[in-house]
Structure formats: C-alpha cells, structure tokens
Amino acid sequence: MPAPTGRRARLRQATLAEIHAAARKLLVEQGSAAVTINAVARQVGMSGPALYHYYAGHDELVGAVTADFFREMAAAMEQARDARAAAPVGDRMLAVCRAMRAWAIAHPAEFGWIFASPVAGPNRRPGSVRHQAAQRFEQVLLDLTVELWRTRPFPVPDLADLPPSLRGQLTAYSAAIDGQLPPEAAHLFLTCWVRLYGLLCMEVLHQLDFAYTDLEPVFEECLRELAGLLGFGYSGRSYA
C-alpha cells in the first residue's frame, strides 16, 4: 500500500493500524465472536459510533483485517519462494507449501478466521480489499503451477471425461485467470489445492488430534503425492 501523505492521512493510517491490532488481539485471545465493533472500539479508546468513521460496519472491518492476514501469509510464502529463486520450480513450490503450513501453525486463530469463517457478501465482491489480498495469496501457487505447466506440462485428465457441470466451472475458472492454465490443467491445480487446504484446516482446527500428535510427516506425505500428480521430483525430509 502506498505511504500516506499529509499529517491527517498519517494519523488516519495509524488509527487504522491500531484498530486492526485490537481486532487481532480480540480474535487471538477470545475468539472470532469477540470481534465486534463496540469491543474493538473499546480496545482503542473510542466509542462504537466513532469507529464507523473508519469502517461502514462489521463486515467491512472483518474484510480489512482478513486482508491483513492474507497479505502476511502471502508475504511468508513469497519470501520462501524468492529465497530459492534459482531452484527448480518444484522445489520452490514445496518451499511455498511448507511456508504456508508454518504460518498457519504459528497463527491458528488468523488462519481459522481466513478459511473457516463464512465470507460476507461485500467481501466476496471483486475489487474488495479482502478479494484483492486473497488474489495475491492465490497467485503465489498459481504462478508456480503456470510456470511448471509451461516448462514441463504435467499429466491431466481428458476434459471430455469430466462431468458437464465440472467442465463448465473449470472453463469459467480458466477464463477468470486469463487462460494461464487450460481447464484440464486448472482441474489438477484446484485438486491439489483442495487436498493441501483440507489437510491444513484439519491440522490447525485440531480435527485429527484423535490420531496424530505430529502431522508434519502426514503433510510431507501429502506433498510427495502432489509432486507426483504435478510430475516433479519430491525433495524434503527423510523419515527412513
């Protein structure tokens, strides 16, 4: 985001940062239900009505704070990618996935806020602050998948073999990403994402505690399987 210019703009930016920090503190310490307009306002020493000078309502506040989390996680993933800029694309992809897991484990409340909460209508709109930040996050893995597809195309299903409804949705998604991946390659990209996301959610939300106390080997097994689907060699920790 561009640096604010002028004293008034700087003061407003500082207040917004304070509001976001208060919302995050409430989320981490008390849960998402505690993040209300009045509670956040109390944390920063203003009245509820005064906070409406900064956000039109709860949904807009949630969208702005969620955008912060998306940007933070995306930055961690980009840093892991850029630290291995000279490495093969598969190695960079594995590094990005591990960085995403590391951020999620270190910030379970924030990860749950992003991925385990319904998205209010205003925050689903293209161009919303949340939507733009989510796109940056999505782009990290998408760009690497596109690079892999262009340099070493991976095996994909025959589009004609997929159910008509799925074909239509994949065609629409391919168009939405400007055809960077054809529908059948987009299908594999989304399949890999669903598997990765599903495992991370189950870990962060403690849905697998009944069986596992350490999910790192399970996550690495998932990465090995995804590498096989995308046609590149897995490199990582050995558990032999």
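Which charged end sits over the ring of Phe 219?

The structure is a predicted model, in which local features need pLDDT of at least 70 and side-chain atom pairs count only at pLDDT 80 or more, while totals for chains, interfaces and linings use all residues. Residues are numbered from 1 along each chain as its sequence is written, and side-chain values use heavy atoms, with hydrogens and water left out.

**View 1. Cys 97 and Cys 222 take part in no disulfide.** A disulfide is a pair of cysteine sulfur atoms within 2.5 Å, and the count by this rule is zero. For Cys 97 the nearest cysteine sulfur is that of Cys 222, 8.2 Å away. Cys 97 is buried, with a relative accessible area of 5%, and Cys 222 is likewise buried, at 8%. Here buried denotes under 20% relative accessible area, exposed over 50%, and partly exposed the range in between (1.4 Å probe, protein chains only).

**View 2. The search of the whole structure finds one cavity of 30 Å³ or more.** A cavity is a set of points, on a 1 Å grid over the protein atoms alone, where a 1.4 Å probe fits but cannot get out; lining residues have an atom within 4 Å of a point. Grid points are joined across faces, edges and corners, and the volume is the space filled by probe spheres set on the points. The largest cavity holds about 140 Å³. Its lining comprises 14 residues, with Met 93, Cys 97, Cys 192, Leu 226 and Leu 230 nearest the centre. Helices α5 (89-106), α8 (129-151), α10 (183-204) and α11 (216-230) each give two or more residues to this lining; helices are DSSP runs (H or I, at least four residues) numbered from the N terminus.

**View 3. Phe 111 and Phe 115 form a tilted aromatic pair.** Rings of Phe, Tyr and Trp (its six-membered ring) pair if their centres lie within 6.5 Å; planes under 30 degrees apart are stacked, over 60 edge-to-face, and the rest tilted. Ten such pairs are found in the whole structure. In this one the centres are 4.8 Å apart and the planes lie at 55°. Both residues are buried. Phe 111 and Phe 115 are separated by about one helical turn because they stand four residues apart in helix α6 (residues 108-115). Together with Phe 70, Phe 137, Trp 193 and Tyr 197, they form one aromatic cluster.

**View 4. The charged end of Arg 101 sits over the ring of Phe 219.** The charged end lies 5.4 Å from the ring centre. The criterion requires NZ of Lys or CZ of Arg within 6 Å of the ring centre and within 35 degrees of the ring normal.

Technical notes. 1 Å grid on protein atoms, 1.4 Å probe; cavity = no way out; pocket = protein on both sides within 12 Å on 5 of 7 lines; lining within 4 Å.
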